[in-house]
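Colleague: Let's go through this model together. Tell me how to read each feature as we reach it.

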Amino acid sequence: MFLSPISTADFCPVSVNGSCQLHDRPVVEIETGNAHAPHVEIYTCIHCGHGVTRPAMDDVAPLYDNRASEDFLARDAGWVERLKSFVTRRLARKLLSHAPKARKVGDFGTGNGALASAIAEALPVGTECFGLDFFDKPPAAIGNARYQSFAKARRDSAKFDMITCFHVLEHDDQPRRILDRISSMLKPGGVVALEVPNVDCVWNSWFGAACSNWYAPFHRVHFSRNSLKSLVETADFEVIEHRDICGPTIALSLANLTGIKPNAAFFAIGLMFRPIQWIAEKLTARPSALRIIARKERETLS
Ligand SMILES: [Zn+2]
């Protein structure tokens, strides 16, 4: 059974010239177990491959009441925690290499605060990193990073040299709205680092509705290479770098498939399969996730 028919208003939200159009049947239907959106369907665009979760939601905030989604959890212990921390610190250094003179960095949609904490650790003395999110209070794992709610950050006139936005854009039905807000917070010439799951990930067909990339109902849109690039470029950013990312898709999808919360055992299995996963994603050119580094256009004096 399908939900209400797709209307013309449901054209691909990254469409530039109105040429995009969604297929009339979903690629996947998912029973989410979430009271706000118990049954969802995901449709993709005929032209650019971009996916949308239906029914649409005007306001996604209720999905994150009390930081109850997996995005805010920091429950790992022991070796998993240490390995994640190592990987996150390395990521922070790599991201900062795109803006070596940054004095003020923001992590938009900071979730559990781990990336903001790692960026703060990697920044030199006299610079600062802010974790930014819905809530008034900071997450527990934010470390030496400072914290601002989105509402407070909007009032703050000081601008950022760099903003990271990892696995956030896909959480809103209107990702352009998020990117425009990020742009308004960046200085001219400032750098944004975006990462999102790939709608065309090779593991989608293996795991079906259990593939972690769908993450329904929290993932509202599902980017393809074309749709992510199109969104960034039409928001007046210049793309500096594209990168294919091999994420923890196998571990999380196996957890979904078995109905067990992701734990150290799944993490170990994911590590064991990682070489195979990496090779499969490279050979097919269908990675788990897509990363784009882009620069906000400098204002020209007229
Ligand atoms: Zn499209």
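Predicted model: local features only at pLDDT ≥ 70, side-chain atom pairs only at ≥ 80, totals over all residues.

Colleague: What does the secondary structure of the chain come to?

Modeller: Helices (H or I, at least four residues) and strands (E, at least two) are DSSP runs, numbered from the N terminus. Here there are eight helices and eleven strands.

Colleague: How much of the chain counts as buried?

Modeller: A residue is buried if 20 or more other C-beta atoms, placed from the backbone, lie within 10 Å of its own. That applies to 40% of the 302 residues.

Colleague: How do I read a sheet, and in what order do the seven strands run?

Modeller: Strands of a sheet pair through backbone hydrogen bonds, either parallel or antiparallel. Two strands pair if DSSP finds at least two bridges between them. The seven strands form an open sheet, ordered 6-5-4-7-8-11-10, with mixed pairing. Strand 6 (146-149) and strand 10 (237-245) each have a single partner strand, so one side of each lacks a neighbour in the sheet. From one strand to the next, the twist averages 20 degrees.

Colleague: In which sense do strand 4 and strand 5 pair?

Modeller: Parallel, over five bridges, between residues 104-108 and residues 128-133. Gly-106 stands opposite Phe-130 of strand 5.

Colleague: What is the order of the sheet of four strands?

Modeller: That open sheet runs 1-2-3-9, with antiparallel pairing. Its edges are strand 1 (28-31) and strand 9 (221-222). Strand 3 (residues 51-54) is joined to strand 9 by two bridges. Val-52 faces Val-221 there.

Colleague: At what angle do helix 7 and helix 8 pack?

Modeller: Axes are lines fitted to C-alpha atoms over the stretch in contact, and angles run from 0 to 180 degrees between N-to-C directions. Helix 7 (residues 249-258) and helix 8 (residues 264-284) pack at about 130 degrees, with axes 7 Å apart.

Colleague: Which residues make the contact?

Modeller: Residues are in contact if their C-beta atoms, placed from the backbone, lie within 7 Å. Helix 7 contributes Ile-250, Ala-251, Leu-254 and Ala-255. Helix 8 contributes residues including Phe-266, Phe-267 and Phe-273.

Note on methods:
Residues numbered from 1 in each chain as written. Contact = placed C-beta atoms within 7 Å. Buried ≥ 20, exposed ≤ 12 C-beta atoms within 10 Å, placed from the backbone.
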